[in-house]
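Dear colleague,

Please find below the structure that I am handing over to you. My notes on what was found in it follow directly after.

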Amino acid sequence: MRRCWVWGPVLALVGCHMGGRVDRFAPANGPEGVAVALELRRGGRAQGELLAVQDTALVVLAQDTVTLVPYGALETGEFSQVEGELRGTPPAPDFARRLRLVSRFPQGLTPDMLARLLAAYGQSALKVVAR
Amino acid sequence: MFRLALVLLMGRSRVLRVVLSAALGLVAGACIFHSVRVEAIGSNADSLAIQTPVKAHLRDGSTVLYQVGVLLARDTLRGPGVRYGLTLRDSTAVSVVPLDSVVAMESFRRATNGATTAIVSTFATGTGLLAAGLLAFVIVCSNSDCFGNCPTVYADSAGTSALQAEGFSYTLGPAFETRDVDRLGIRADGDGRIRLEVRNDALETEYVNHLELLEAHHTADETVLPDANGAALAVRDLLPATTIADASGRDLRLLLALPDGAAFRTDARTLAEASPAHLDDAIYVVAPAPPGGDSVALVLRLKNSLLATLLYSEVILGNRGARSLDWVGRDLDGGAPALARWQEQRMGMRIAIWDGRRYRQTARIRDSGPHAWSDVAVLIPVLQRDSVRVRLSFPADNWRIDRIAFAMRARRPVVRTLDFGQLLDAKGRRDSTALESVRLADQRYLRTSPGERFTVVAEVGTAAAEPARTFLIATQGYYEPWIGHDGLRAARDTGAVESLDADLLKALRKWGTVREARETAFADLGKLTVR
C-alpha cells in the first residue's frame with residue numbers, strides 16, 4: 001500500500017502533462033476534416049465531416065452527401081476536439097479561422113473541385129439545408 | 001465527474017491515495033497544460049523544417065499528409081508524405097512536392113497553455129516559470145536574423161520615431177510568457193493623447209497578450225522608474241557613487257557618471273579568461289549611507305549585449321539543429337523548470353549588498369534585450385552606518401551599462417492604469433478586434449509577423465502643472481523566432497546535450513571572438529530599423 005504514495009513524487013519528477021496531444025488529434029493524423037455534429041433549427045441532427053468553412057455556411061459531407069449548411073439553419077454546431085460551438089450565426093473571425101484550418105479544404109472549394117466532388121458522390125447538385 | 005470526486009473524497013481506497021499522492025506531486029512539481037495548435041504556414045517562409053504533422057493542400061484538390069513533418073526547402077516540400085485524391089478514395093506515397101502546386105499548408109503541434117501552466121507552476125514552485133522568461137522554441141536562425149528579440153515600442157519625437165522600449169525579451173515560447181514594464185520618455189500631445197507604435201522588426205512571430213499604459217504622479221524633482229519587478233519607484237537626490245570598479249579593477253566612475261551612451265563592457269581579458277569556475281564579471285559600487293535614511297535606490301541605465309542572443313539562438317538551439325523542434329516539443333516540457341532555475345541563478349543581473357561579513361543578494365534584474373536602454377531603480381536597504389556597498393554580478397559581458405547612481409530618497413508613487421482606447425493598423429485604420437486582443441491579459445493574443453506594426457492610442461488628458469507625471473508601458477507576451485535558411489545550413493545535430501553552464505561557456509568563448517563584428521553590424525541594423 002505504501003507504494004501508492006510513490007506516484008506523487010514520481011509524477012513530480014517526470015513532470016505532469018495534461019491536455020491535447022497531436023497524436024490523438026484526428027485532423028493531424030488523416031486527410032479528413034474534423035468531425036462535426038449539427039443540430040438543425042428545423043429539427044433533426046446530422047453528423048459528418050467538415051469540408052470547408054465559408055462566410056455564410058459550412059460545407060459538410062454527411063451520409064456521403066456534400067451538403068451546404070447555412071449558419072442560419074443551425075441551432076448548434078459542435079466540432080470534435082475543437083473548442084467552441086456555433087449557435088445560428090456565423091463564427092467570429094478567429095473561430096472561423098480555427099475551423100477552416102481543421103476542415104478538409106482550408107483553401108476553400110473552387111467550382112472545379114466542387115464539381116468533381118459532387119460527381120464523385122453521384123450528386124448532380126449541392127444539397128442545401130433549408131433555414 | 002461529481003461522482004468520481006465524491007468517491008475520492010469519501011473513500012479510503014488505493015485510488016484515493018494514488019490520486020491524492022499525484023495531487024501532492026502536482027503541488028511539489030510543475031504541471032504543464034497543453035492543447036493542439038493548428039497554424040497556417042505562410043508562403044513567405046524561405047526554408048523551414050517542421051517535425052510535427054503537416055498537411056499540404058494542392059491546387060488540384062488533393063491533400064498530402066506529412067505525419068512526421070516536412071522540410072520546406074525553397075521551392076519544394078521534401079519528406080515522406082501520403083497524397084490523397086480529392087475524394088480520399090486513392091492514396092500514393094510522395095517524397096517531393098513542388099511548392100507551386102501547393103495552395104495552403106498547416107502544421108499541428110502541441111502547444112503549452114501558458115496561463116494555466118503559469119498559475120499551477122507558480123503555485124507549485126513559488127517561483128514561476130514566467131519570470132524566468134526564456135526558452136527557445138523552434139529556432140535555428142542565421143546570425144544576422146537573430147538580432148531581434150521582441151516587439152519594439154516607438155513614439156514620435158519631433159517628427160522622428162524614437163525607440164522607447166522593448167517588451168518581453170527572451171520569452172521564446174508560450175510557457176515563458178512574461179510581463180515587462182518600461183519607462184517612456186514622452187509626454188502627452190496637445191490633445192492629451194499618448195500614441196505609441198509597436199513594431200515587429202525581427203524575424204519572428206510575436207504574440208502580444210496585453211498592453212497597458214501606467215501613469216505615475218510625482219513631484220517635479222522626482223524621477224519615476226520601474227524596479228526589478230516592474231513596480232514604479234519615484235527617486236530624487238541622485239548622487240554619483242564614490243567607487244565603481246569592475247572585477248579587473250578598472251575605475252568606471254567617469255564612464256558611468258552620466259547617461260551619455262558611453263557604456264561599460266566587460267574587459268577583454270576577463271572575457272577571454274572565462275572558465276567553468278569563472279563565468280561571471282562583477283561591478284562593485286560604493287556610496288555614502290544617507291544620514292537617517294534606512295534605504296537608498298540604486299539607479300541603473302542598461303541594456304543587454306548580444307551575448308544572450310548568441311547563447312540561446314546559436315548555442316542552446318543551434319547545436320540541436322533540426323532537433324531543436326523536438327527538443328522544444330518534448331524536452332522543453334521536462335527541462336523548462338530546470339532552465340528557469342538556471343536562468344534565475346545565472347542570467348540577468350544579480351544585486352547583492354555587503355552586510356559587513358558577506359554579500360547578500362537582494363534583487364535580480366531580468367535580461368531586458370539589446371535594443372533599448374532600460375532605466376531601472378532598485379531599493380537597497382542600508383545595512384552599515386557609514387556606507388552602502390553593492391555588488392552587481394552577471395555573465396561576463398552580458399550587459400552594456402550606461403549609468404550607475406544612487407538616489408538618496410525613494411518612495412512608491414501613486415500609479416494609475418490607463419487602457420489604450422484605439423489600435424490602428426499600419427494604414428491607420430481602427431482595428432477593434434486587435435484592440436480587444438491586447439486589452440486584457442487573457443487567452444487572446446495579437447499576433448504579428450516580421451515587418452508588421454500597429455499604433456496604440458490612449459487618452460490621458462492634458463497635464464496639470466503639478467504634480468508631474470511619468471508614463472510607463474507594460475507589455476506581456478512571448479514570441480517564436482523563424483527559421484532562416486542560413487541557420488538551417490549552419491545547424492548541426494550534436495546529439496548529447498551538455499550542461500547549461502557549459503553552453504554559457506561555449507557562448508562566452510564564441511562571443512569573445514565575434515563581439516566587435518556583431519556589435520558593429522547590430523549598430524548598423526539599428527540605424528536602418530529606426531524610422
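**The surroundings of B:Asn209**

Leaving aside residues up to four places away in sequence, B:Asn209 touches B:Glu177, B:Ser437, B:Val438, B:Leu440, B:Ala441, B:Asp442, B:Arg444, B:Tyr445, B:Gln476 and B:Gly477. Please note that this is a predicted model. B:Asn209 belongs to strand 13 of chain B, which covers residues 204-218. Is B:Asn209 buried or exposed? Its relative accessible area is 2%, and because buried means under 20%, B:Asn209 counts as buried. Two of the residues it touches deserve a separate mention. The side chain of B:Glu177 makes a polar contact of 2.8 Å with the side chain of B:Asn209. The side chain of B:Tyr445 is joined to that of B:Asn209 by a polar contact of 3.3 Å.

**The nonpolar cores**

The largest nonpolar core comprises 30 residues, and those with the most contacts inside it are B:Ile283, B:Met349, B:Ile351, B:Leu392, B:Ile404 and B:Phe406. At least two residues of this core come from each of strands 17 (280-288), 18 (295-304), 19 (349-354), 20 (359-365), 21 (374-381), 22 (387-395) and 23 (399-411) of chain B. Strand 23 of chain B gives the largest share, five residues. Apart from this core lies another, of 27 residues, which includes A:Ala28, A:Leu40, A:Leu50 and A:Val53.

Residues up to four places away in sequence not being counted, B:Ile283 touches B:Ile244, B:Ala245, B:Asp246, B:Leu252, B:Phe264, B:Val390, B:Arg391, B:Leu392, B:Phe394, B:Ile401 and B:Ile404.

**Strand pairing in chain B**

Which strands make up the open sheet of chain B, and in what order? Five strands form it in the order 16-17-22-19-20, with antiparallel pairing. Strand 16 (243-246) and strand 20 of chain B are its edge strands, each pairing on one side only. From one strand to the next, the twist averages 20 degrees. Within this sheet, strand 19 and strand 20 of chain B run antiparallel and are joined by six bridges. B:Ile353 stands opposite B:Arg360, a residue of strand 20 of chain B.

Further pairing involves strand 15 of chain B. Strand 14 (residues 223-226) and strand 15 (residues 232-240) of chain B run antiparallel, with four bridges between them. Here B:Thr223 stands opposite B:Val235 of strand 15. These two strands form a hairpin with five residues between the strands, in which B:Gly230 takes a positive phi near 90 degrees. Strand 15 of chain B also pairs with strand 23 of chain B, in the antiparallel sense and over six bridges. B:Leu238 stands opposite B:Ala407, which lies in strand 23 of chain B.

**Chain A**

Chain A has 131 residues, of which 44% are buried. Its secondary structure consists of four helices and eight strands, arranged along the sequence as α-β-α-β-β-β-β-β-β-α-α-β. Among the contacts in chain A with a separation of 6 or more, 47% are between residues 24 or more positions apart.

Yours sincerely

Note on methods. Residues numbered from 1 in each chain as written. Chains lettered and ligands numbered in written order. Predicted model: local features only at pLDDT ≥ 70, side-chain atom pairs only at ≥ 80, totals over all residues. Heavy atoms only, no water. Buried < 20%, exposed > 50% of the residue type's maximum accessible area, 1.4 Å probe, protein only. Contact = heavy atoms within 4.5 Å. Core = buried A, V, L, I, M, F, W, Y, C linked by side-chain atoms within 4.5 Å. Pairing = 2+ DSSP bridges. Axes fitted to C-alpha atoms, helices over the stretch in contact; angles between N-to-C directions. Polar contact = N/O pair within 3.5 Å; in protein donor to acceptor, adjacent residues only side chain to side chain.
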